[in-house]
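Reader: I am new to this structure and would like to learn how to read it. Could you walk me through a few features?

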Amino acid sequence: MLLFDWPVAAFTCGKPPLANQTIASVTPTSGGFSQVKAAAIDLSPVDKGVQLFENLGDIIKLAAVENGVGDFFKELPYNQGSVIAKGMSGDVVLVTCSDKPSEKRVLKRMPLKCRRSERAAKMLFMYELDTFYRTDHRGLAKCILAARCPGYLAIVMKFYPLGDLERSLSILPSESRPWVAARVSEAVDYLHTKRIVHGDIKLQNILLDTGFTPVLSDFGLSRYLTEDVLTLSANKFGGTREYWAPEIRNRDATLQVDPFKVDTYALGVVILSLLSLLKPKMDLDYLETAKTTEDVSSDHRPILEAALEPDFKNRCTSTEVLRFYKDIVDKPCSESDCTANPQD
Ligand SMILES: Nc1ncnc2c1ncn2[C@@H]1O[C@H](COP(=O)(O)OP(=O)(O)O)[C@@H](O)[C@H]1O
Ligand SMILES: [Mg+2]
């Protein structure tokens, strides 16, 4: 995993979605808090005291709590459980609701002092919240609560017991795979219609809800781009090498690329992996694999080839990928025969 190198570009090439020291507020839904709304909240370190930002109108909770981990759990209605993953941005901790111990949540704890700079840690957090704020879709993860703590920033989300798609790929029934591909394509296309580039589409960033319903998450590298931003330099992308489109592999600062097509390529790698069970690898020729592997049925080959097209100018868009899956995307997986009709 690599650290992104393009928030500066995103800051300078469009209206910054949030000011440098700004994070967000959260509006509630029946299940708790679901959307984050921009609000000017200071992200500078907290020395003392407990600072809980609460907008009583729509109950925003951005807590600044003292003395590290323990106090998050003192101040907020959660009990600490085990660490279930260690990601690029920190630990992912299982927590339970204090009043309802059977209700599990996940706390994403993003330390301010780590191998990255404090600024980089804050950027991951701010951009993640910015995408939560801008989006509301069945295929995207939602934020329950965001908190500022002295040593770390925290995001609380729903817990998905099946974890991420990489972990659960082998238990995913084969007849569900095209439907999962359809739902992931829909989520990516939704982001793109909102002019948000995900920036790190991969199996590990797709969580599985009940019935193997996929939910795209981890928006730390996601960027909202204003209408006027059509390209970015190829060296401005982070994400995960195995999913990198050919045009960004050389990190050529002079090459302008379509950031949405970079996402489409990564989506193609995810779908290829879903259908073939092949683990994405640097030395694997994805296009050749899509054309030749027997694990991919012939009806899926054209759309995979279009998504994995090396020349981004000729590569299809996420909308075209979704169009391929339009007949199955709205069916519950159990009712769907989970096959797409390539003629449509
Ligand atoms: N809500 C969740 N439920 C279950 N597992 C999760 C959840 N959120 C994250 N994870 C696990 O933690 C990993 C890292 O989380 P992620 O949000 O991708 O952070 P990072 O930015 O560190 O990659 C994921 O790949 C997944 O395995
Ligand atoms: Mg991740």
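**Reading the model step by step**

Author: Gladly! One spot to look at is R195, which follows α5 and has a positive phi, near 60 degrees. Keep in mind that this is a predicted model.

Reader: How many residues does helix α5 have, and what span does it reach?

Author: To read a helix, compare its end-to-end span with the one expected at 1.5 Å a residue. Helix α5 runs over residues 177-193, 17 residues in total, and its first and last C-alpha lie 24 Å apart, close to the expected 24 Å.

Reader: Is α5 mostly covered or uncovered?

Author: Burial is judged by counting neighbours: a residue is buried if 20 or more other C-beta atoms lie within 10 Å of its own. In α5, 15 of the 17 residues are buried, so the helix is mostly covered. Across the 344 residues of the protein chain, 45% count as buried.

Reader: How many helices and strands are there in the protein chain?

Author: The protein chain has ten helices and 15 strands.

Reader: And where does ligand 1 lie?

Author: To place a ligand, ask which parts give residues to its shell. Here domain 1 (2-158) and domain 2 (165-324) both do, so ligand 1 lies between them. Of the 20 residues around ligand 1, those that come nearest are A85, G87, S89, V106 and D218.

Reader: Which strand gives the most to that shell?

Author: β5 does, with three residues. β5 (78-87), β7 (104-111) and β9 (152-158) each supply at least two. By type, the shell holds nine nonpolar, seven polar and four charged residues.

Key:
Residues are numbered from 1 along each chain as its sequence is written. Chains are lettered from A and ligands numbered from 1 in the order in which they are written. This is a predicted model: local features need pLDDT of at least 70, side-chain atom pairs count only at pLDDT 80 or more; totals for chains, interfaces and linings use all residues. A residue is near a molecule or strand if its C-beta atom, placed from the backbone, lies within 6 Å of it. Helices (H or I, at least four residues) and strands (E, at least two) are DSSP runs, numbered from the N terminus. Ala, Val, Leu, Ile, Met, Phe, Trp, Tyr, Cys and Pro count as nonpolar, Asp, Glu, Lys and Arg as charged, and the others, Gly among them, as polar. Domain bounds come from an automatic or database domain assignment. A residue is buried if 20 or more other C-beta atoms lie within 10 Å of its own, exposed if 12 or fewer, and partly exposed in between; C-beta atoms are placed from the backbone. The expected span of a helix is 1.5 Å times one less than its number of residues.
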